Amino acid sequence: MAGKLTAQGAGILLVTANVGSLFEDPENLQKLWLREFCQTVQAHRPQFVAVHCQEVGGKNYEASMTHVDSFIKELLSSDAMKDYNRARVYLDKNYKSQEQFTALGCCYFLHESLKNIQQFDFKAKKFKKVFGKEIHSDALSSASLEKEKFPQDYFPECKWSRKGFIRTRWTLGDCAFDLVNIHLFHDASNLVAWEKSPSVYSGTRQKALGFVLDRITDQRFERLPYFIFGDFNFRLDSKQVIESLCSTATMQTVRSTDTNEVQKLIFRESDNDHKVLLQLEKKLFHYINQDVFRENNGTQLLKFDQELCVFKERLHELDISFPPSYPYSEDSSQGKQYMNTRCPSWCDRILMSSSAKDLILKPENEEKSITYDNIGPNVCMGDHKPVYLYFRLNTGAGKPNANKHKCCVVQ
């Protein structure tokens, strides 16, 4: 039973999950994922749950999209969700429309104790009460959301990139806010990422995130506090982190005999029999000691996590105390092992505007504490660990007046 909506606000659980791996091995990974997710819901007993998914249907979405419906059905019918009597699920599954396809999914669950909640209709430009459970999929032309794919020229290397954002808008008590699901561009090559600091990919993500922030704060609708959570694909500054990990090493460059292009970089210890510390290729990041990314949850590497610095006036985040969320092994028997494909990084994040941060109630005691953590730290959840934020929302932050909310003054 979730706590009642009181002067202490409403319990909110925000989750971001890149679920691409789940549809490659639905028999094993989906069961583990759902079990860990449900345990998180039961531990915090929120009244409002928002799950933002990326890569719905998986990397081979044409073959795997059929598994999505059964995954959502399992989620909706699970014991942990039985007291959530209203739900809105939005799944962008229409991969045949490549110009619009983002593979994003947004799932919102409303507990039966939550009475005063409404969702915004972007066409009618007003809030409406939420009844029952609805699943919207395919092209997602629903008036209940805004969906955009990034312009093609943002990432010309990838002809049909499934990257973009979805925004929904809610009012809870006297407080209105936006929830934004986002998936930004990845690092296509470790070798290119290593060439300069910051990397060219970091610049592309910066441009795309700026595009989203400008779009959700433009003049078409009233500006509200917003929580933006998804797979930002933020990476540690590759050049800086490699120079730190291999500070005493010598570097060997292996080139293609045909094109003379760099194929591999090998970093060896100067002494100690010239032991190999790191091998770097386009899709290989093989470091000798993975423990460096797990010790103290990898937090000694946070100084190389710099992509948010550009947005420090616009975006806020709670302190990170969990290990890098990507790239974990997809072997269902491995819960803590990273793949040797990329430098482990905090790709999956929950960010917020200044005004949204002000809506988070400071905890009165340990039981109502704010938690920013990952889900399933010891089991395989796919190549991304889901990340969640639990807090209590100040639902009395303003007085509603004809669909206007005084709590919505944006910084």
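A crossing of two helices counts as left-handed if the near helix is turned anticlockwise from the far one by less than a right angle, and as right-handed if clockwise. With that in hand, helix 1 passes helix 3 in a right-handed crossing. This is a predicted model, so local features need pLDDT of at least 70 and side-chain atom pairs count only at pLDDT 80 or more, while totals for chains, interfaces and linings use all residues. Residues are numbered from 1 along each chain as its sequence is written, and side-chain values use heavy atoms, with hydrogens and water left out.

Back to that helix pair. Helices (H or I, at least four residues) and strands (E, at least two) are DSSP runs numbered from the N terminus. On the helix 1 side, the contact (heavy atoms within 4.5 Å) is made by Pro26, Gln30, Trp33, Leu34 and Phe37, and on the helix 3 side by His67, Phe71, Glu74 and Leu75. By class, this contact of helix 1 with helix 3 has six nonpolar, two polar and one charged residues. Here Ala, Val, Leu, Ile, Met, Phe, Trp, Tyr, Cys and Pro count as nonpolar, Asp, Glu, Lys and Arg as charged, and the others, Gly among them, as polar.

On a 1 Å grid over the protein atoms alone, a cavity is a set of points where a 1.4 Å probe fits but cannot get out; a pocket is an open set with protein on both sides within 12 Å along at least five of seven lines, and lining residues have an atom within 4 Å of a point. Grid points are joined across faces, edges and corners, and a volume is the space filled by probe spheres set on the points.

The largest pocket comes to about 610 Å³. It is lined by 25 residues, and Glu55, Lys59, His186, Tyr326 and Arg342 are the closest to its centre. The lining splits into six nonpolar, seven polar and twelve charged residues. Glutamate 55 has a positive phi of about 55 degrees although it is not a glycine, and sits in the loop between strand 2 (48-54) and helix 2 (61-64). Tyrosine 326 is joined to proline 327 by a cis peptide bond, with omega near 5 degrees.

There are also two cavities of 30 Å³ or more. The largest cavity has a volume of about 110 Å³, and its lining includes Asp187, Phe285 and Arg342. Helix 4 (190-195) and helix 6 (238-245) each supply at least two residues of that lining. The second largest cavity, at about 40 Å³, has Phe285 and Arg342 among its lining residues too.

Proline 198 lies in the loop between helix 4 and helix 5 (200-216).
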